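Open the model in your viewer and keep the selection tool at hand. The stops below go from the whole chain to single residues.

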Amino acid sequence: MRAIASALQSSLCFSPQTSPPLVPPSNPNLNIDQQQLTSKSKSILINHPLYSQTHPNLSLQFKEKILCLEILGIDAGKALSHNPSLHSSSLDSIHSIISFLQSKGIHQKDLPRIFGMCPQILTSNIKSELDPVFDFLFYDLGVPEYKFRKVINKCPRLLISSVRDQLKPALFYLKRLGFKDYESLAYNDPILLVSNVEQTLIPKLEYLIGLGFSKEEVAHMVLRCPALFTFSIENNFKPKLEYFLGEMKGKLEELKEFPQYFAFSLEKRIKPRHFEISQSGLNLPLSLMLKTTDEDFNQLISRGNKLS
């Protein structure tokens with residue numbers, strides 16, 4: 001059955017110019033598996049929202065495009081909704097995108113997640129939009145070709161980001177802050193490269209400086225915890241800072257030494273552990289309070305209770 005599905009996928013998604021009719025009439029010469037596949041394919045089409053009675057005139061080519069996306073594991077309705085350009089794109093162009101990504105080491109099993117997160121990739125221009133991204137990874141970040149897949153799977157948004165207007169300006173800004181480990185940036189924190197410098201990175205840097213840190217101190221904090229650039233000011237920094245300064249009576253110096261504080265859940269980690277520490281009378285540094293495993297933390301609390 002899997003082999004037949006692959007054959008159908010190949011005929012629809014990889015050879016659009018010679019693809020057979022989408023749902024051929026019942027043929028007594030088909031074996032049972034082939035008939036089941038035909039039935040399943042027809043079911044996918046009929047049950048899809050785009051194939052309601054209000055859309056009776058969809059072309060065969062459009063139906064084949066939908067089925068191609070569905071067989072690849074892509075939610076065609078969501079993809080079309082987020083990327084209207086797909087309505088007019090051809091199966092041939094979709095095939096070209098898929099073939100190009102596979103030539104760069106992306107596996108077919110990666111495609112549903114990649115296209116699901118960024119359906120705009122399906123209508124990208126290979127020469128002017130996709131190829132420059134891989135050149136950027138290779139020449140600017142030093143990512144070898146055999147590791148392209150790792151980086152793209154970590155952050156599919158790279159494929160819909162302009163090298164000139166987004167990726168290179170972000171890298172230049174991060175370099176100025178002191179980022180030198182491009183390997184870590186590529187494999188662990190590529191989300192920073194797709195972040196807008198003026199609208200995302202600079203405002204967060206300025207917010208932290210506004211708390212009383214120097215620019216050099218904030219840069220050091222971000223280098224130790226790059227995720228600081230991904231946190232929301234309103235939903236992360238402000239409530240956690242308010243709790244830290246108010247309930248915990250903490251000092252900014254502690255946050256400078258352990259900026260990872262902002263990476264922990266306020267409700268599930270910070271508040272419960274602070275409560276336990278307060279009850280036991282212990283005085284633990286932030287790193288020990290939050291990074292310790294539940295088992296080790298409970299042992300610390302038990303020890304503190306015995307001493308009190």
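What percentage of the 308 residues of the protein chain count as buried? The figure is 41%. Bear in mind throughout that this is a predicted model.

**The whole chain.** Show the chain as a cartoon. The protein chain has 17 helices and zero strands. Take the contacts between residues at least 6 apart in sequence: 62% of them join residues at least 24 apart.

**The nonpolar core.** Next, select Leu101, Phe115, Leu137, Leu158 and Tyr261 and show their side chains. These residues have the most contacts inside the largest nonpolar core, which has 85 residues. The element that gives the most to this core is H9, with seven residues.

Setting aside residues up to four places away in sequence, Leu101 touches Ile106, Leu111, Phe115, Ile121, Phe134 and Leu159.

**The pair H7 and H9.** Now select residues 126–140, helix H7, and residues 163–177, helix H9. How do the axes of these two helices cross? They come within 11 Å and cross at roughly 20°. An angle under 35 degrees counts as roughly parallel, and H7 and H9 are therefore roughly parallel to each other. Their crossing is right-handed.

To view the contact itself, show these side chains:

- from H7: Pro132, Val133, Phe136 and Asp140
- from H9: Val163, Leu167, Lys168 and Leu171

Sorted by class, the contact of H7 with H9 has six nonpolar residues, two charged ones and no polar ones.

**Arg164.** Select Arg164, which lies in helix H9. Is Arg164 buried or exposed? Its relative accessible area is 67%, and exposed means over 50%, so Arg164 is exposed. Draw a distance from Arg164 to Pro132: the C-alpha atoms are 9.1 Å apart in space, while the two residues are 32 apart in sequence.

**Leu141.** The last stop is Leu141, in the loop between H7 and helix H8 (148–154). Residues under 20% relative accessible area are buried; Leu141 has 6%, so Leu141 counts as buried.

Which residues is Leu141 in contact with, leaving aside its neighbours within four places in sequence? Select Phe136, Leu171, Tyr182, Leu185, Ala186 and Leu193 to see them. Of this set, Phe136 and Leu171 also take part in the contact of H7 with H9. Finally, draw a distance from Leu141 to Tyr182: they are 41 residues apart in sequence and 5.6 Å apart in space, C-alpha to C-alpha.

Definitions and conventions: Residues numbered from 1 in each chain as written. Predicted model: local features only at pLDDT ≥ 70, side-chain atom pairs only at ≥ 80, totals over all residues. Heavy atoms only, no water. Axes fitted to C-alpha atoms, helices over the stretch in contact; angles between N-to-C directions. Helix = DSSP H or I, 4+ residues; strand = E, 2+ residues; numbered from the N terminus. Parallel < 35°, antiparallel > 145°, perpendicular 65-115°, else oblique. Left-handed = near helix turned anticlockwise from the far one by under 90°. Contact = heavy atoms within 4.5 Å. Nonpolar A, V, L, I, M, F, W, Y, C, P; charged D, E, K, R; others polar. Core = buried A, V, L, I, M, F, W, Y, C linked by side-chain atoms within 4.5 Å. Buried < 20%, exposed > 50% of the residue type's maximum accessible area, 1.4 Å probe, protein only.
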